[in-house]
Amino acid sequence: MEGSGGTKRNADPQSTDRTQSREAVSQAQARIREAVTRNPKEKLTALLHHLTVDMLRCAFSNLKKRAAAGVDQVAWGDYAADLDRNLTDLAARVHRGAYRALPSRRVYIPKTDGKLRPLGIAAIEDKIVQAAVVMILTPIYEAEFLGFSYGFRPGRSQHDALDALAFGIKARKVCWVLDADIARFFDTISHDWLIRFIEHRVGDNRIIRLIQKWLKAGVLEEGRLVESLEGTPQGAVISPLLANIYLHYVYDRWIEQWRRQANGDVIVVRYADDTIVGFQHQRDAERFLTDLKERLGQFALSLHPEKTRLIEFGKYAAERRSRRGQGKPETFDFLGFTHICATKADGSGFQLWRKTVRKRLKAKIRAVKEELRRHVHASIAEQGHWLGSVMRGFFAYHAVPTNLMAISAFRHHIIVRWLRVLRRRSQRHRMTWARMQRIVDRYLPKASVLHPWPDERFRVTHSR
């Protein structure tokens, strides 16, 4: 028999299920948004009934397929083998209270400064239920969160936060910048305060109990169970939302009130626990720093003494420091970019320069070098396709105006290291620079600016 044409085939059942699940989730979120709009100040007491098999299926499909397994040792593909039965059983256990959270598996990943960052890898069913609860809670808290909060929110990216900061420094009278870093934020979140904050808007005790189960599940490290008395595991699906809720009540709402009492302009940009505050007056900045330390201390948080800095910065900083016989204005790092006080190319006025943080650039080059060594005997085509994807991913984030020199340097360093690897494959290589250039032109993208100027994109995003 002849096979049917591609357009006449029935739709893939799994694809159809996913589409139907997403539609069901969208409808559930729309109903939650309507309830929030009708009762903006009241608690929502009936939420768990939205956690259906469709929502769990949508949550499962959004998980990373190649993510590491938790203590249950069940990977994404293993769970998908009998997905319908697994999700139906999981939904039943959640609704009758029989669902139990497993401890997270602790792993460590290197940071750019050479230190290790602890991550908690949750079991597959914990990931699924957490993702479903995030879908339920997101419409509630998106109506609550303030505009200067950008981290881990739908429709908001790191570049949105960078644009807001650049626009604020240019458009407002910013002369001082506070780069505030909360010490061990995810590890020191108070469970009691977090639950109290959630209960301001969530009145469904079943949702509260689910969150408490994840907070108290603990961490399994080297075969030893470590009880969780505070903090939320970095890497857990629900941790970013819980962190935003915590900082919304501890920081965002407080600073929104505080800056109304300031004598000059104050701008705020927060991405997760990383925040930048700009001030017109030094006295406001110093008073804010003192008040912030006291405020955080009330909720079991503290500022990192070495990473928190108050610096003179802005369009007038270079001129003022020059009059006092001081050097160039200090710089600060935010979301992977070093922010620098500079002048426009024609010397006509102030220009905020953003360059890739040097440590991050070196770390990326080092990682590419090590990966090339591991695949030294792969074909040139395989190496070229991989390097091209790495470079396009790097450019997609870092190719902003004023950063062309840094991304060009990144491309050059990658080419040099690739050339060395290819030459080492043979003692009598014939890899000349001219031949290497032809290979590079075939596989690697050119360095070019991919992002618009931040004020242009900010004005489009915020037309008001």
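Analyst: A definition comes first. Rings of Phe, Tyr and Trp pair if their centres lie within 6.5 Å. Note also that this is a predicted model.

User: Which residues do ring pairs link into a cluster with W193?

Analyst: The cluster is built from ring pairs. W193 also has R196 over its ring face, at 4.1 Å from the ring centre. Besides W193, the linked residues are F185, F186, F197, Y246, Y249 and F299.

User: How many aromatic pairs does the count come to, and what is the geometry of the pair Y141 and F145?

Analyst: The count comes to 19 aromatic pairs. In one of them, Y141 and F145, the ring centres are 5.8 Å apart and the planes are at 25°. Planes under 30 degrees apart count as stacked, so the pair Y141 and F145 is stacked.

User: Are Y141 and F145 buried or exposed?

Analyst: Buried means under 20% relative accessible area. Y141 has 0%. F145 has 8%. Y141 is buried, and F145 is buried.

User: What kind of aromatic pair do W258 and F279 form?

Analyst: The centres of W258 and F279 lie 6.4 Å apart, with 85° between the planes. Planes over 60 degrees apart count as edge-to-face. The pair W258 and F279 is edge-to-face.

User: How many residues apart in sequence are the parts that W258 and F279 tie together?

Analyst: W258 lies in helix 10, and F279 in strand 7 (residues 274–279). W258 is buried at 6% relative accessibility, and F279 is buried at 0%. The pair ties together parts that are apart in sequence by 21 residues.

User: Where is H248, and which residues does H248 touch beyond four places away in sequence?

Analyst: H248 sits in helix 10 (residues 239–258). H248 is buried, because its relative accessible area is 1%. Leaving out residues up to four places away in sequence, H248 touches E144, F145, L146, R253 and R270.

User: Is N263 buried or exposed?

Analyst: N263 is in the loop between helix 10 and strand 6 (266–271). Its neighbours within four places aside, N263 contacts H281 and D284. The relative accessible area of N263 is 63%. Over 50% counts as exposed, so N263 is exposed.

User: How far apart in space are N263 and D82?

Analyst: N263 and D82 are 181 residues apart in sequence. Taken C-alpha to C-alpha, the distance in space between N263 and D82 is 62 Å.

Technical notes:
Residues are numbered from 1 along each chain as its sequence is written. This is a predicted model: local features need pLDDT of at least 70, side-chain atom pairs count only at pLDDT 80 or more; totals for chains, interfaces and linings use all residues. Side-chain values use heavy atoms; hydrogens and water are left out. Helices (H or I, at least four residues) and strands (E, at least two) are DSSP runs, numbered from the N terminus. Buried means under 20% relative accessible area, exposed over 50%, partly exposed in between (1.4 Å probe, protein chains only). Contact means heavy atoms within 4.5 Å. Rings of Phe, Tyr and Trp (its six-membered ring) pair if their centres lie within 6.5 Å; planes under 30 degrees apart count as stacked, over 60 as edge-to-face and the rest as tilted. A charge sits over a ring if NZ of Lys or CZ of Arg is within 6 Å of the ring centre and within 35 degrees of the ring normal.
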